[in-house]
Amino acid sequence: MSGHHTLAVAALVLKKLLRALPKSRVTDRLYALARFVSYHGRLPRRAALFNDVLFFKKWDGTLDQDLVRLTTDKDFAKLYIAAQLGPDRVVPTLAVLRSRAEIEAYAFPRHCYVKGTAHSGAVQRVTDGAPDRRRLRKWLRHTHYDITRERNYRGLTPKIIVEPFAFGLAQPTDYRFYAWQGQVRLIQLDFTRDGAMTRKIYTRDWQDLGCTIGSTRDTGTYDPPAALPAMIAAAETLAAPFDLVRIDMFARDADFVVGEITHCPGSADRVFRPASAEATVSAALFAAPAPRTDPQPELQPELQPEPTRA
């Protein structure tokens, strides 16, 4: 048995033990550590690597910041997006359901998306006006914090949000902008076809990096959206208060809307394909900032900031 495999197995055991202990800042940090090791077979390090930077967001307390927690909630995030960009740049909300009774009584539109506001990946695409209400009721009983111990979900009230199809498209392309220190560095395209997801990773100037994160790499060739410069500007406006953040959008022709803000994409668990691609993606994501045109000093790419304490 290899050393990496042994370490991963020990981390899995530790995860199970920690889940039995009361939740606290200490046990959450240890759980994040055990989770990281169980996925990657190694300890995290203070390096400019995608998963390691995300891990230290969990470890250092960044996810406890008030604005991070506010914009984690899919309902409240729209208040922030609208305040920064205007209400026309937000995916509309048809309803917010807060109880089992509201779920049972609500007449869902024939075509809509239904999401858990305090979860990651809790999404139903409805095409017949009949979502799985049992799943929706389940989403009201917990948050994503209970699964991953990502502390930005801690204390959120679970709700169900109902949205129309963006631009009337049942399966629109997701444009996901990764910003580091306020600058967009990577653009991830997610495609869903017949229930299967594929993914492309581009630089901000639309260079295909030839790899993927977590999902199967899409082999197609795609032109940038007509709204790309405006989308990048909007993403950077929203990303300005944060360190590493992902801004999720939809576009059609020269128009676009923002759907969500993601502070710890993949919870530092994502596997790259090929494995060497993490270095490629990280080099593009954490490169030195572009020169500033104002008199403020340049932001530096060191990855050992002072820990943020709640």
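What share of the 310 residues of the protein counts as buried? I found 51% buried, where buried means under 20% relative accessible area, exposed over 50% and partly exposed in between, with a 1.4 Å probe and protein chains only.

I noted that this is a predicted model, in which local features need pLDDT of at least 70 and side-chain atom pairs count only at pLDDT 80 or more, while totals for chains, interfaces and linings use all residues. Residues are numbered from 1 along each chain as its sequence is written, and side-chain values use heavy atoms, with hydrogens and water left out.

I then turned to helix 5, residues 77–85, taking helices (H or I, at least four residues) and strands (E, at least two) as DSSP runs numbered from the N terminus. Its buried residues are Ala77, Lys78, Tyr80 and Ile81, and they line one face because, seen down the helix axis, they fall within an arc of 160°, taken from the directions from the helix axis to the C-beta atoms. Leu79 and Ala83 are exposed on the face turned away from that buried side. Among the elements covering the buried residues I listed helix 4 (66–72) and strand 11 (255–262), contact meaning heavy atoms within 4.5 Å. After helix 5 comes Gly86, with a positive phi near 100°.

Last, I looked up helix 3 (residues 50–60) and helix 10 (residues 277–285), which pack at about 65° with axes 8 Å apart; the axes are lines fitted to C-alpha atoms over the stretch in contact, and angles run from 0 to 180 degrees between N-to-C directions. Here Phe50, Asn51 and Asp52 of helix 3 meet Glu278, Val281, Ser282 and Leu285 of helix 10.
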